[in-house]
Amino acid sequence: MELPILLIVVLGGMWMMSSFARKQQRRMAQEQARRTEEALVPGTWVRTTSGFYGTVVEIDGDAVTLATPLGDETLWDKRAIAGAEEPPFASASQDQPGAADEAGAEEQVEADRPQADDEDAAEETADKA
């Protein structure tokens, strides 16, 4: 008699937890959709679900016109926009691998040279005396 009651209580608890989780997921999805909708204004950088980055040029119903950095325009479905996000373009110093390391190494070598010259001059002065 106690086993069926315990089973009903456990199943009821599991159903309540899964129901709560579904409601929370639905609320989060609606919030994300609202934020994306608010961000869809001309000039905003967006990322599509396929990973394309572009700036919003025009919105016409469910069609969004996005421009590439080169100025080419493409049409996208509004549902394909994942959200407003700046593109991860590399800076000029990051374009050349090791450029920062080489510059730092050259500066270190230059910094070491005057010290070595000073030591040689000190030794020569000591030898003459």
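These legends go with a set of close-up views of one predicted model. Because the model is predicted, local features need pLDDT of at least 70 and side-chain atom pairs count only at pLDDT 80 or more, while totals for chains, interfaces and linings use all residues. Residues are numbered from 1 along each chain as its sequence is written, and side-chain values use heavy atoms, with hydrogens and water left out.

**View 1. Here R34 and R35 both reach E31 in helix α1 (residues 2-39).**
Helices are DSSP runs of H or I with at least four residues, strands are runs of E with at least two, and both are numbered from the N terminus. A salt bridge, by the rule used here, is a side-chain nitrogen of Lys or Arg within 4 Å of a carboxyl oxygen of Asp or Glu. R34 and E31 make one, with their closest N and O atoms 2.4 Å apart. They sit three residues apart in helix α1, about one turn. R35 also meets E31, at 3.6 Å from N to O, and that pair is four residues apart, again about one turn of the helix. For cover, buried means under 20% relative accessible area, exposed means over 50%, and partly exposed is in between (1.4 Å probe, protein chains only). R34 has 39%, so it is partly exposed; E31, at 31%, is partly exposed too, and so is R35, at 44%.

**View 2. Now look at K78 and E37, another salt bridge.**
The closest N and O atoms of K78 and E37 are 3.3 Å apart. K78 lies in the loop between β4 and β5 (81-84) and E37 lies in helix α1, so this pair ties together parts that are 41 residues apart in sequence. E37 is partly exposed, with a relative accessible area of 43%. The whole structure has six salt bridges.

**View 3. Strand β3 (residues 63-67) pairs with β2 and with β4.**
Two strands count as paired if DSSP finds at least two bridges between them. β2 and β3 run antiparallel and are joined by five bridges; T55 has A67 in β3 as its bridge partner. Five bridges also link β3 to strand β4 (residues 73-77), again antiparallel, and here T65 stands opposite L75 in β4. How much of β3 is covered? Mostly: four of its five residues are buried.

**View 4. Two glycines sit in the hairpins on either side of β3.**
The hairpin of β2 and β3 has two residues between the strands, and G61 takes a positive phi near 70° there. In the hairpin of β3 and β4, with five residues between the strands, G71 has a positive phi near 100°.

**View 5. L40 is in the loop between α1 and β1 (45-48).**
Is L40 buried or exposed? With 7% relative accessibility, it counts as buried. L40 and G83 are 43 residues apart in sequence, yet their C-alpha atoms are 8.5 Å apart in space.
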